[in-house]
Structure formats: structure tokens, C-alpha cells
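The following exercises concern the reading of a protein model.

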Amino acid sequence: LMEALVIISNKLGNHDRQAMFLGELLAPVINQIRSLEAVYRDPALLMEFVGLTSAPVDTDKKTDVVDQFGQNRSSMMMVINMVLAVTRRAEAPQDLTLAQAGGFTVPLGGQMIVRNPAGAHVCSILRNLLLLAQTLNKMFNPEVKGKLNPGFAKAFDLLEVDRNNMLGLPGSRSAKNEVVYQVAKLPEPVTRMQNFVTELFENVHHLLSHFCTNIGNEFYHQ
């Protein structure tokens, strides 16, 4: 729904109005990303925050067990996905005449450049996003991985579906038959953690790639 709203805002045709709208959408997300810096500035702290250093919690529907770490993971994933949606979808008019009429162009270095209406907002947290990306990469260092709870020993392993796809094993998306490749099933909490680690890592780096391709000038002049 948020991504649809961003796409609709592209039809406003006015840089200031669209930038104001996107700013209202992003304000609580930006504040939350900044408030979480104390957590993701260090790989050990981030691992503790998302539950990697604690025993897996089995949140069976028949019990009243509350997984606080699961809520932490959801909060972190939500803010990253929100910034990703805006960075990926917000854009200026493709027609240069419309872009000039809507105030999307500004002079820079002796030439006119086209501004992305989300540029100023998302670039304000670029340092935070780079810090998070750096911390995620540091989590794979052997010394840091040693802090994993034994129950999450496989949390950083390649997802089984991705392994099968690369090997072309039966049951993978690249296989040409319907035979299912049988693998040892991991406990549900470990599978959830694997998916979280993989998705967060990929989405943060996809987000940074959209700074290059979609935000453009504001990003390169930071």
C-alpha cells in the first residue's frame, strides 16, 4: 500500500508538494532508524537485539510465549522495507519540460540536474544505512559468528532453496521436473531467523543500489 502511494505521488508534478508528502510518510521511519543506531552500530549488539545470541523461541499458537526478539526483527525489517519502497519508486517526471515546470531541476556545476523528491529525506539517513550495511557484513566474521547461540548455528547458512537453485537440484526453480528434493528440515525458529538475516542483508544492499540508480545526483554529491 505504501509503495502504491509513492507511485501515485509521482503524478503530483510538483517537487515541493511531493517532497512534503514523502517527508510525512518517512518521518516516523527516519526517527526510528536513527533511534536504533545504538543497536546496529556494533555487530554483537545487533545480534543480541534480534535474538541470535539467545536460544530459539518456539512461538507455537497453542502457547502464550511472546518472542520479543521476533518483534525487534519485525520493527527493523519494517523500517528498511519502507525506505526501500520510497527509494525504489519515487521519481521525477521523465519529460524534462514537465520536470522544469514542476521545480524538479536545479543548477549544479554549470548544468541543470533533475532532483528526486525523496532525495533529501533518504540521504539524511545515508550514514545510518551505510553503518547498518557495514555491521551486517561484520556479523559474518568468524570471531563475531562465535557469539551465536548454538541453536542458531545454521542461521547464517545459505537458504536451502537458493542452494538447490544454484545446483539445479530436483525441486528447485531451475529443475525441469516436479520431483521434490528432500532435505533435513530445520526447526521453525531457525528457518525464520535464516529468512530474516538473508532478507535484511539483501534489502539493505538493494536499498543502497537504488541510491545509485534512482536518487542519483543527491546521493553522488553527499
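The exercises below treat a predicted model, and each is followed by a worked solution.

**Exercise 1. Overall architecture**

Determine which secondary structure elements the protein contains and in what pattern they follow one another.

Solution. Begin with the inventory: the protein has 12 helices and two strands. Next, read along the sequence, where the pattern is α-α-α-α-α-α-β-β-α-α-α-α-α-α. Finally, consider the extent of the fold: along the principal axes, the C-alpha atoms fill a box of roughly 60 × 45 × 35 Å.

**Exercise 2. The two strands**

State whether β1 and β2 pair in the parallel or the antiparallel sense, and describe the turn that joins them.

Solution. First locate the strands: β1 covers residues 105–108 and β2 covers residues 111–114. Their pairing is antiparallel and extends over four bridges. As one example, Pro 107 has Met 112 in β2 as its bridge partner. Then examine the connection: two residues lie between the strands, which form a hairpin. In the turn, Gly 109 has a positive phi of about 60°.

**Exercise 3. The packing of α2 and α5**

Describe how helix α2 packs with α5, and identify the classes of the residues in their contact.

Solution. Two packed helices are described by the angle between their axes and the distance between the axes. For α2 (residues 15–35) and α5, the angle is about 145° and the axes are 10 Å apart. The crossing of α2 past α5 is left-handed. Now inspect the residues that meet, taking contact as heavy atoms within 4.5 Å. From α2 they include Leu 22, Leu 25 and Val 29, and from α5 they include Met 78, Met 82 and Val 86. By class, the contact of α2 with α5 comprises 10 nonpolar, two polar and no charged residues.

**Exercise 4. The surroundings of Glu 37**

Identify which residues are in contact with Glu 37, leaving aside its neighbours within four places in sequence.

Solution. Glu 37 lies in helix α3 (residues 37–40). With those sequence neighbours set aside, Glu 37 is in contact with Arg 127, Asn 128 and Leu 131.

Technical notes: Residues numbered from 1 in each chain as written. Predicted model: local features only at pLDDT ≥ 70, side-chain atom pairs only at ≥ 80, totals over all residues. Heavy atoms only, no water. Pairing = 2+ DSSP bridges. Axes fitted to C-alpha atoms, helices over the stretch in contact; angles between N-to-C directions. Left-handed = near helix turned anticlockwise from the far one by under 90°. Nonpolar A, V, L, I, M, F, W, Y, C, P; charged D, E, K, R; others polar.
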